[in-house]
Amino acid sequence: MKSSAIWSILVCFWSMFSAPATAMRDYIDVVGSSTVYAFSTVVAERFGKSSVFRTPKIESTGSGGGLKLFCQGVGMKFPDIANSSRRIKASELDLCQQNGVHEVIEILIGFDGIVLAQSKLGVNVELTRRELYLALAKRVPNPDGSKTTIENPYKTWHDITPSLPKIKINVFGPPPTSGTRDAFSELVLDYGCHTFEWLAQMSQPQSAVKRDVKEKKALLNKQKRLCRMLREDGAYIDAGENDNLIVQKLNANPNALGLLGFSFLDQNRDRIKSAKIDGFLPSFRSISSGDYPISRPLYMYVKKAHIGMIPGVEAFIREFVSNKASGESGYLLRKGMIPLPKSQRQAIEQRMNALRPNGH
């Protein structure tokens with residue numbers, strides 16, 4: 001028999017026997033937020049050891065990247081769960097719908113704070129959200145007082161406010177796909193931008209027809225782009241989705257700051273500290289009370305169609321929202337996650353019992 005014929009037979013047998021293997025998956029596939037990744041891996045390891053199911057596969061892709069993968073479709077080759085450090089966007093839900101992902105269960109798992117971390121060797125810094133906006137926005141209000149913007153001229157923190165140190169503005173942070181960056185844009189850049197009254201009013205139509213929805217939407221989008229666009233001259237440095245890498249860079253440069261989730265600060269207090277923001281330092285108490293200004297909710301999104309299809313999905317979710325994991329004395333507290341109030345967590349557990357999809 002010719003070698004080509006033998007090869008054809010082997011390929012045929014390989015296709016026959018490999019098809020079932022690729023069609024089935026016996027582990028949970030989780031993608032998404034680098035912040036929630038730190039908590040998911042802990043739950044996954046415990047779940048793999050204490051249950052009859054395999055340890056879930058957890059990937060850190062960023063909130064936006066994870067939700068994009070999650071919404072690609074239903075079936076074995078698509079993720080079962082997407083972690084996110086922000087709420088899913090309407091455009092992402094539309095993508096899910098277009099690809100047949102019709103029932104998405106939204107689970108609020110806890111809270112986190114975004115910190116401006118620095119090396120313990122660095123000078124203590126106290127900043128306001130207005131100062132952070134002026135330091136990092138691509139375009140800022142003209143210092144001459146006119147209602148115009150200019151390319152960001154500030155090189156040091158002292159240039160913005162004389163009481164701040166004469167240290168070069170140098171901030172390491174996550175990429176556009178990160179939920180941390182989304183939350184920072186909304187909670188810091190937008191807030192700081194809106195402290196300038198004329199910028200805050202930019203989204204209001206000036207025409208006589210106040211109900212022109214299209215005009216108002218266009219103005220709002222223009223305002224968001226102006227407020228949230230980060231400078232590209234090296235003051236803000238995209239350090240990728242790996243927050244541990246930012247910790248390393250801060251230790252190498254004591255004058256730099258880094259955008260991190262509170263959990264990474266909590267786990268590296270021997271090496272880094274946090275700047276005070278609007279008069280508050282991040283802590284379990286200041287974040288859970290809402291006093292710390294840069295705090296955000298953390299979410300998990302689950303495909304209802306994959307519950308029962310992929311072994312262990314429901315059991316993994318129940319482990320994550322259980323009292324022993326995310327309760328007020330749960331093991332995720334020790335990893336830096338701020339737990340939900342008891343009443344809120346019980347409501348989520350009741351919703352999980354009914355497995356109702358989120359109400360979007």
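The points below cover the pockets first, then the cavities.

This is a predicted model; local features need pLDDT of at least 70, side-chain atom pairs count only at pLDDT 80 or more, and totals for chains, interfaces and linings use all residues. Residues are numbered from 1 along each chain as its sequence is written, and side-chain values use heavy atoms, without hydrogens and water.

**Pockets**
- The largest pocket has a volume of about 660 Å³ (a pocket is an open set of points on a 1 Å grid over the protein atoms alone, with protein on both sides within 12 Å along at least five of seven lines; lining residues have an atom within 4 Å of a point; a volume is the space filled by probe spheres set on the points, which are joined across faces, edges and corners).
- It has 24 lining residues, and Asp182, Ala183, Ser185, Glu186 and Arg228 are the closest to its centre.
- H7 gives the most to this lining, six residues (helices are DSSP runs of H or I, at least four residues, numbered from the N terminus).
- The lining has 12 charged, eight nonpolar and four polar residues (Asp, Glu, Lys and Arg count as charged; Ala, Val, Leu, Ile, Met, Phe, Trp, Tyr, Cys and Pro as nonpolar; the others, Gly among them, as polar).
- The second largest pocket holds about 190 Å³, and its lining has eight nonpolar, three polar and one charged residue.

**Cavities**
- Two cavities of 30 Å³ or more are found in the whole structure (in a cavity, a 1.4 Å probe fits but cannot get out).
- The largest cavity has about 60 Å³ of space, and its lining includes Trp157 and Asn255.

Technical notes
Helices (H or I, at least four residues) and strands (E, at least two) are DSSP runs, numbered from the N terminus.
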